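Work through these exercises with the model open. Each task is followed by its solution.

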Amino acid sequence: MVDILGTNISTVHGATHKHIRGSILSLLGPVAVKEKLFPNLLKCVKSFTADWDGKTIDIQEKAQEMAFFLAFKQIFESESRSIYDSFKPEFEKIVSGTLALPINIPGTSYHIGLQARSKVIKLSREIIKQRRSSSTIHRDMLGQMMSDETKYPLNDEEIISQIITILNSGYETVSKITMMSLKYLHGDLKALQELREEHFGILGRKEAGESITWEDYKSMSFTLGVILESLRLATVVNGVMRRTTSDLELNGYKFPKGWRIYIYTREVNYDPLLHPEPLKFNPWRWLDKKLESHKYNFLFGAGGRLCPGKELGLVMISLFLHCFVTQYRWEELEGEEMVKFPRIEVPNGLHLRISKY
């Protein structure tokens with residue numbers, strides 16, 4: 001992961017971590033999402049889902065496209081479509097490469113991932129160079145990172161690392177939770193009906209043509225339950241890697257300084273003491289807000305390592321669900337095999353037949 005994703009927020013600590021985290025939060029933290037990104041995200045999601053009536057789609061592919069497109073447009077708002085088309089195919093290679101054995105010979109996923117990283121770095125450097133030679137002021141994330149007025153100045157290598165981190169993070173997690181939310185809802189008509197009632201209730205309070213707002217998003221309590229339950233049950237991120245900075249003793253076990261520890265969050269997500277009937281899709285359990293703040297809830301990490309993109313990811317999926325369930329109904333085509341380890345994946349795609357609601 002370090003070889004392909006580079007130095008990023010998950011690999012640094014101390015003052016460097018604080019600086020990088022501050023930079024990311026200034027770009028996509030709750031305040032930035034509310035005050036800068038929300039209207040543009042809504043516009044992009046509406047456009048992306050506008051013409052699906054009567055089509056059969058691969059929701060795995062569409063969700064990946066949407067997650068990448070939304071993140072890309074926040075970073076490179078004014079760049080041409082050709083730049084997007086150059087970036088997009090490299091990120092599936094990057095994701096596959098980070099979850100492969102590090103065997104660097106031609107043809108391996110790791111080798112292909114390293115090549116994809118080199119291409120993304122080259123493209124990013126060219127864009128930064130072009131922007132520096134222009135007098136145009138850009139209001140997107142890249143413009144903020146390059147600004148002399150930023151509170152968190154970064155050199156070009158750090159800017160490129162931030163670009164890769166933001167694009168990669170949303171590409172895998174947001175897309176897979178989006179896909180799994182629809183899969184679980186398709187199997188639970190009661191949950192789907194309650195979700196629709198929540199979103200049609202929001203629309204019912206609007207004038208014709210009036211857009212939903214940040215306040216509407218924050219009122220989507222059942223939608224949040226659907227997302228958190230999908231994340232828990234699918235366990236898109238199986239765990240987190242840590243290194244001990246001093247000798248550690250836990251439950252009678254000793255971990256010497258410098259050891260690497262993998263915290264396997266899948267076991268926590270399926271713990272029946274925390275989640276009764278852990279294999280059952282039950283979004284209502286999250287209406288108890290104490291569960292979300294429980295000290296053993298690691299869906300987005302914890303403490304100083306809490307995912308800085310949490311709010312952005314929740315907004316992306318919530319807006320997608322809002323646009324999708326208020327416009328469409330769907331049938332899931334049978335026979336698609338799903339792989340759940342080391343990553344959630346449907347090798348042949350998860351195909352849905354879409355019709356107007």
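**Exercise 1. Find how the axes of H8 and H11 are arranged, and list the contact residues**.

Step 1. The two axes come within 9 Å and cross at roughly 100°. Axes are lines fitted to C-alpha atoms over the stretch in contact, with angles from 0 to 180 degrees between N-to-C directions.

Step 2. Angles of 65 to 115 degrees count as roughly perpendicular. H8 and H11 are therefore roughly perpendicular to each other.

Step 3. H8 contributes Ile177, Met180, Ser181, Tyr184 and Leu185 to the contact (heavy atoms within 4.5 Å). From H11 come Val226, Ile227, Ser230, Leu231, Leu233 and Ala234.

The model is predicted: local features need pLDDT of at least 70, side-chain atom pairs pLDDT 80 or more, while totals for chains, interfaces and linings use all residues. Residues are numbered from 1 along each chain, and side-chain values use heavy atoms, without hydrogens or water.

**Exercise 2. Check the span of H9 and sort its residues into buried and exposed**.

Step 1. H9 has 16 residues, 189–204, and at 1.5 Å a residue should span 22 Å. Its end C-alpha atoms are 22 Å apart, which agrees.

Step 2. Ala191, Leu192, Leu195, Arg196, Glu198, His199 and Ile202 are buried (under 20% relative accessible area; exposed is over 50%, partly exposed in between). They cover an arc of only 155° around the axis, so they lie on the same side of H9.

Step 3. On the other side, Leu189, Lys190 and Gly204 are exposed.

Terms used. Helices (H or I, at least four residues) and strands (E, at least two) are DSSP runs, numbered from the N terminus. The expected span of a helix is 1.5 Å times one less than its number of residues. Buried means under 20% relative accessible area, exposed over 50%, partly exposed in between (1.4 Å probe, protein chains only). The arc is that of the directions from the helix axis to the C-beta atoms. Angles under 35 degrees count as roughly parallel, over 145 as roughly antiparallel, 65 to 115 as roughly perpendicular and the rest as oblique.
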